[in-house]
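Hi,

Here is the structure I promised to pass on.

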Amino acid sequence: MKLAVQEAAYGFTDVYKLTAAQITALATGNQVKVATLPAGGVVTQAAVFEVVTSAGTSTDLVLDVGTTAGDPDEFIDALDLDGLTKAAFCTGDGFTAGGDAGTLNGVVNNTASALDIVAEVNFTGTVTAGEWLIALTILDPAALSR
């Protein structure tokens, strides 16, 4: 969800609520669109906040967030949701030393087309409770010409 100007005043422009029910419905290894990275856009920060603690039999609940369909981990990489205490920030390949921030594998969409930002959750067992917010700050160059 794109935040209104007054909501975005605290730094994040997009937020997506991920719940245990959504995770169960998605099933392991599947993806859900959480935001759009516009052509020429930049993701300057990505965070995950735990709102409700996870419960269930899964002890390997892992979240990735990015634009690469096969391995979406540019913004959040292999985050252990069931082990998360409160928050994680910019853990993806695009923000770490091993990432290439100047290409699509980083935080800049250097193309003429918008890209879907997706979340992928992998797990075994069941996820019966939990709620997380995926928060992003996305700079849109189209706003500069208004």
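**Salt bridge, ring pairs and sheet**

By the rule used here, the count comes to one salt bridge. Please keep in mind that this is a predicted model. The bridge is made by the side chains of D116 and K33, with 3.4 Å from N to O. D116 sits in strand β7 and K33 in strand β2 (residues 31–37), so the pair ties together parts that are 83 residues apart in sequence. As for how open the two ends are, D116 is partly exposed at 42% relative accessibility, and K33 is partly exposed too, at 44%.

On to the aromatics. The count here is two aromatic pairs. In one of them, the rings of F12 and F49 have centres 5.9 Å apart and planes at 85 degrees; anything over 60 counts as edge-to-face, so that is what this pair is. This pair links distant parts of the chain: F12 belongs to the segment before β1 (14–19), while F49 is in strand β3 (residues 42–55), 37 residues apart. F49 has a relative accessible area of 29%, which means that this residue counts as partly exposed.

The other pair is F75 with F95. Their ring centres are 6.3 Å apart and the planes are at 50 degrees, so this pair is tilted. Both residues come from loops: F75 from the one between β4 (62–66) and β5 (76–80), F95 from the one between β6 (87–89) and β7 (115–122), so the contact ties together parts that are 20 residues apart in sequence. Is F75 buried or exposed? F75 is buried, with a relative accessible area of 0%. F95, at 25% relative accessibility, is partly exposed.

Between β3 and strand β8 (residues 129–139), the antiparallel pairing runs over ten bridges.

T19 is found in strand β1. Its relative accessible area is 19%, and the cut-off for buried is under 20%, so T19 counts as buried. Leaving aside neighbours within four places in sequence, T19 is in contact with G130, E131 and W132.

P38 is the other one, placed in the loop between β2 and β3. With a relative accessible area of 16%, P38 is buried. What does P38 touch, once neighbours within four places in sequence are left aside? Its contacts are N109, A114, I138, L139 and D140. P38 and S113 are 75 residues apart in sequence, yet their C-alpha atoms are 6.9 Å apart in space.

Cheers

Note on methods:
Residues numbered from 1 in each chain as written. Predicted model: local features only at pLDDT ≥ 70, side-chain atom pairs only at ≥ 80, totals over all residues. Heavy atoms only, no water. Phe/Tyr/Trp six-rings, centres within 6.5 Å; stacked < 30°, edge-to-face > 60°. Helix = DSSP H or I, 4+ residues; strand = E, 2+ residues; numbered from the N terminus. Buried < 20%, exposed > 50% of the residue type's maximum accessible area, 1.4 Å probe, protein only. Salt bridge = Lys/Arg side-chain N within 4 Å of Asp/Glu carboxyl O. Contact = heavy atoms within 4.5 Å. Pairing = 2+ DSSP bridges.
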